[in-house]
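Hi everyone, thanks for making time this morning. I'd like to walk you through one structure with you, so please have a look at the screen.

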Amino acid sequence: MASSEEDGTNGASEAGDEKEATGKRRRLGFLATAWLTFYNIAMTAGWLVLAIAMVRFYMEKGTHRGLYKSIQKTLKFFQTFALLEVVHCLIGIVPTSVLVTGVQVSSRIFMVWLITHSIKPIQNEESVVLFLVSWTVTEITRYSFYTFSLLDHLPHFIKWARYNFFIILYPVGVAGELLTIYAALPYVKKSGMFSVRLPNKYNVSFDYYYFLLITMASYIPLFPQLYFHMLRQRRKVLHGEVIVEKDD
Ligand SMILES: CCCCCCCCCCCCC/C=C/C(=O)SCCNC(=O)CCNC(=O)[C@H](O)C(C)(C)COP(=O)(O)OP(=O)(O)OC[C@H]1O[C@@H](n2cnc3c(N)ncnc32)[C@H](O)[C@@H]1OP(=O)(O)O
């Protein structure tokens, strides 16, 4: 292998990467780096456990029916734990927008707790498998990307996967979520769950059925914002474009 004196490039670029990585670590500080490394390893492991459990269930049962019930505890724990990512943004230990992360995490928490946990008749819909598989592949990729980045040993495939898988997985996952909410509408309308009717002493009414319709409509303006954010990140990381993010 040519020595750095001969080509003057390998050594310089490697030194530059090392300096940038060290700078990033220094910028974060030891405690933040240690916490984020632990957090990302734990989340990678959690979503890997979920992936293995889903594959084993399907191989043993040959059907998706009952799959959600078999993995719901793991899903609820690790997806709820992801709320910490909003805190990471708020305290500034990750450079992500609070708004972007907040919308992403709230949509997941909404799907896990206010849809699939709360509306049992839709737990065996194929659309649930659609978003579960999308989420799982995405999160294993994303958290392992963060882990390897913090450890300064980022495999090229992980970096490539982080900024390419979402191109397909994001729309597929959103389709799964919207189809699941749509499948829940008849039950929500008939049961009147989570709704408050007039007259009541507070003189306030709330209809969960119409709330779900509004939530589905909110995907139209909100999802493209997240998707374009990822495309900007992709251009920045894979093509070295300098992206000046407007202050979110
Ligand atoms: C009450 C009802 C509410 C309902 C709300 C409805 C809203 C509906 C609209 C929204 C619909 C979305 C539905 C979601 C569906 C799916 O997720 S389907 C599955 C596929 N999904 C994806 O591919 C998206 C995955 N999500 C993300 O990537 C993130 O959540 C993100 C916030 C969208 C983008 O992440 P971001 O962090 O901005 O990009 P990165 O390039 O990964 O990171 C930027 C920099 O930050 C560093 N960083 C971030 N987190 C960490 C961490 N944990 N540890 C260490 N470092 C971290 C990262 O390293 C980058 O650093 P730099 O390299 O220095 O930039």
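Let me start with a question: does Tyr170 count as buried or exposed? Keep in mind as you look that this is a predicted model. Tyr170 counts as buried, because its relative accessibility is 17% and the cut-off for buried is under 20%.

So where does this tyrosine sit? Tyr170 is found in helix α9, which runs over residues 165-191. Setting aside neighbours within four places in sequence, Tyr170 is in contact with Gln104, Phe223, Leu226, Tyr227 and Met230. Ile220 is 50 residues away from Tyr170 in sequence, and their C-alpha atoms are 14 Å apart in space.

Let me step back to the whole chain for a moment. The protein chain has ten helices and zero strands. Of its 248 residues, 39% count as buried. If you take the contacts between residues at least 6 apart in sequence, 69% of them join residues at least 24 apart. The chain exposes about 14,500 Å², with carbon and sulfur atoms supplying 67% of that area.

Now for what the database record says. In UniProt, an unreviewed entry carries the annotation "transmembrane region" for residues 38-59, 80-103, 163-188 and 208-228.

Which residues come nearest to it? There are 34 residues around the ligand, and the nearest are Tyr146, Arg162, Tyr163, His229 and Gln233. By type, this shell divides into 17 nonpolar, eleven polar and six charged residues.

Gln104, which we already met as a contact of Tyr170, has a side-chain N or O atom 3.0 Å from an oxygen atom of the ligand. For Arg108, a polar side-chain atom lies 2.9 Å from a ligand oxygen. For Lys236, the distance from a side-chain N or O atom to an oxygen atom of the ligand is 2.7 Å. How much of the ligand is covered by the protein? On its own the ligand exposes 1,400 Å², and the protein buries 89% of that.

Which helices build the shell? The elements that give two or more residues to it are α3 (30-61), α6 (98-116), α7 (126-150), α9 and α10 (208-239). The largest share comes from α10, with eight residues.

Ile119 is found between α6 and α7. Is this isoleucine buried or exposed? Ile119 is buried, because its relative accessible area is 0%. Leaving out residues up to four places away in sequence, Ile119 touches Leu114, Ala184, Tyr187, Val188, Met193 and Tyr208. Pro155 makes a contrast for the eye: Ile119 and Pro155 are 36 residues apart along the chain, and their C-alpha atoms are separated by 41 Å.

That's my tour, and I'm happy to take questions.

Key: Residues are numbered from 1 along each chain as its sequence is written. This is a predicted model: local features need pLDDT of at least 70, side-chain atom pairs count only at pLDDT 80 or more; totals for chains, interfaces and linings use all residues. Side-chain values use heavy atoms; hydrogens and water are left out. UniProt positions are given in the numbering used here, feature names are shortened, and annotations may be inferred rather than shown by experiment. Helices (H or I, at least four residues) and strands (E, at least two) are DSSP runs, numbered from the N terminus. Buried means under 20% relative accessible area, exposed over 50%, partly exposed in between (1.4 Å probe, protein chains only). Contact means heavy atoms within 4.5 Å. A residue is near a molecule or strand if one of its heavy atoms lies within 4 Å of it. A polar contact is a pair of N or O atoms within 3.5 Å; within protein, one must be able to donate a hydrogen and the other to accept it, and residues adjacent in sequence count only if both atoms are side-chain atoms. Accessible areas come from the Shrake-Rupley method with a 1.4 Å probe; for residues, only the protein chains shown count as cover. Ala, Val, Leu, Ile, Met, Phe, Trp, Tyr, Cys and Pro count as nonpolar, Asp, Glu, Lys and Arg as charged, and the others, Gly among them, as polar.
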